[in-house]
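Dear colleague,

I am handing over the model we spoke about, and below it you will find my notes on what came out of it. Please read them with the structure open beside you.

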Number of protein chains: 2
Amino acid sequence: MNIGNASELSGLPVKTIRYYEEIDLVKPARAENGYRFYSKDDVLYLNFLNRARKLGFSVSECRLLLSLYNDTERSSSEVKTLALQKVETIEAKILELTSMKNMLSKLAQSCHGDNRPDCPILDEIAGKATI
Amino acid sequence: MNIGNASELSGLPVKTIRYYEEIDLVKPARAENGYRFYSKDDVLYLNFLNRARKLGFSVSECRLLLSLYNDTERSSSEVKTLALQKVETIEAKILELTSMKNMLSKLAQSCHGDNRPDCPILDEIAGKATI
DNA sequence: ATAAAGCCTCCAGTAACTGGAAGGTCAAGC
DNA sequence: GCTTGACCTTCCAGTTACTGGAGGCTTTAT
């Protein structure tokens, strides 16, 4: 099938699919007219990539997952380790964001938020601690 | 003071400070030998930027905050609105990451993680739901 | 005098796409 | 047979916020 079709079936934008070819993730055959031709397996890979990306894996991690997927000799522990590492980094990001959120909420609460210019948020960011 | 000194006082890497000049965030004077010369105010601004970035504001939001900081006519509500919007986007990110984390944890739990090749994580990512 | 540290500019690279220009191809309708 | 529009191609540039490195001054310390 052509790239537009593959895009619909995989849920990935056409541009992204071309990009994945460029970086050697999914390399389709070519028709005589030069159009990319995607096999069912190609579409499966594109779907795989779409899901893995949504799970938070980077493109290079996806590359690894894809090679593991195609490696019938793989050990499942390898994949599990990757997944658990990713869980950890996600947890770390959540903690960081939570602390940012708490800071900002506290700052926002301390600001009266009216037409007057004095603003504890800016004061605090500037280092003139007022809270 | 020179850029190295400004870097120490603000906590920003030298490269970053040069970058902030390039994008017209903090433009220092120049000494006769061509070296950047940072005033106390400049360092205050760099500190401000460092903190605002750590709070999750983008560089362009920082630009706005900095102009508000220097605008004695500002209304504090403007700043408060920005802060609350940022809290919302951070919350959204946290939710997204949490759902990613839950998915991945569930997948990892379902995988025996030994030397055998069969792996529910890969199967699930590929769309062959087995959970 | 010389070596190390610090400064300068400019160029390139990162992650993962996204947008747009210029142009070839294909299917449908008249 | 011709046109129109959708779809495809390549290539180039832009996004975010830096970061690294090369090549080359200037300053400081020994």
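**The surface near DNA strand D**

Helix H1 of chain A and helix H2 (14-22) of chain B each supply at least two residues of the surface near DNA strand D. Please keep in mind throughout that this is a predicted model. H2(B) gives the most to that surface, with 4 residues, and by class the residues near DNA strand D divide into 7 nonpolar, 6 polar and 5 charged. There are 18 residues around DNA strand D, and those that come nearest are Gly4(A), Arg18(A) and Arg36(A) from one chain together with Lys15(B) and Tyr20(B) from the other. Of the atoms of DNA strand D that come within 4 Å of the protein, sugar and phosphate account for 68%.

Gly4(A) takes part through its backbone, an N or O atom of which lies 2.8 Å from a phosphate oxygen of DNA strand D.

**The surface near DNA strand C**

DNA strand C is likewise surrounded by 18 residues, the closest being Lys15(A), Tyr20(A), Gly4(B), Tyr35(B) and Arg36(B). Sugar and phosphate make up 66% of the atoms of DNA strand C that come within 4 Å of the protein. Here the polar contacts to phosphate that I would point out come from side chains: a polar atom in the side chain of Thr16(A) lies 3.0 Å from a phosphate oxygen of DNA strand C, a polar side-chain atom of Tyr20(A) lies 2.7 Å from a phosphate oxygen of DNA strand C, and an N or O atom in the side chain of Arg36(B) is 2.7 Å from a phosphate oxygen of DNA strand C. H2(A) gives the most, with 4 residues, and the surface near DNA strand C has 7 nonpolar, 6 polar and 5 charged residues.

**How the two chains are related**

Chain B can be laid on chain A with an RMSD of 0.1 Å by a turn of 180° and a shift of 0.0 Å along the axis. The two copies are therefore related as by a two-fold rotation axis. In chain B, the C-alpha nearest that axis belongs to Ile94(B), at 2.8 Å from it. The same surface serves both copies, in that 100% of the contact residues of chain B recur in chain A.

**Helix H3 of chain A**

Helix H3 of chain A covers residues 40-54, which makes 15 residues, and from its first C-alpha to its last it reaches 21 Å, close to the 21 Å expected at 1.5 Å a residue. Which of its residues are buried? In H3(A) these are Asp42(A), Val43(A), Tyr45(A), Leu46(A), Asn47(A), Phe48(A), Leu49(A), Asn50(A) and Ala52(A). The cover over them includes, from chain A, helix H1 (3-10), helix H2 (14-22), strand S2 (36-37) and helix H4 (59-69), and, from chain B, helix H6 (120-126). H3(A) is followed by Gly56(A), whose phi is positive, near 100°.

Glu21(A) is found in helix H2 of chain A, and because its relative accessibility is 14%, Glu21(A) counts as buried. Leaving aside residues up to four places away in sequence, Glu21(A) touches Val26(A), Lys27(A), Pro28(A), Arg30(A) and Arg36(A); Arg36(A) is also one of the residues that come nearest to DNA strand D.

In the loop between H2 and strand S1 (29-30) of chain A sits Asp24(A), which has a positive phi of about 65° although it is not a glycine. Asp24(A) is partly exposed, with a relative accessible area of 45%. In chain B, Asp24(B) lies in the loop between H2 and strand S1 (29-30), with a positive phi near 65° in a residue other than glycine, and Asp24(B) is partly exposed at a relative accessible area of 45%.

With best regards

Note on methods
Residues are numbered from 1 along each chain as its sequence is written. Chains are lettered from A and ligands numbered from 1 in the order in which they are written. This is a predicted model: local features need pLDDT of at least 70, side-chain atom pairs count only at pLDDT 80 or more; totals for chains, interfaces and linings use all residues. Side-chain values use heavy atoms; hydrogens and water are left out. The expected span of a helix is 1.5 Å times one less than its number of residues. Buried means under 20% relative accessible area, exposed over 50%, partly exposed in between (1.4 Å probe, protein chains only). Contact means heavy atoms within 4.5 Å. A residue is near a molecule or strand if one of its heavy atoms lies within 4 Å of it. A polar contact is a pair of N or O atoms within 3.5 Å; within protein, one must be able to donate a hydrogen and the other to accept it, and residues adjacent in sequence count only if both atoms are side-chain atoms. Ala, Val, Leu, Ile, Met, Phe, Trp, Tyr, Cys and Pro count as nonpolar, Asp, Glu, Lys and Arg as charged, and the others, Gly among them, as polar. Copies are superposed by least squares on the C-alpha atoms of residues with pLDDT of at least 70 in both.
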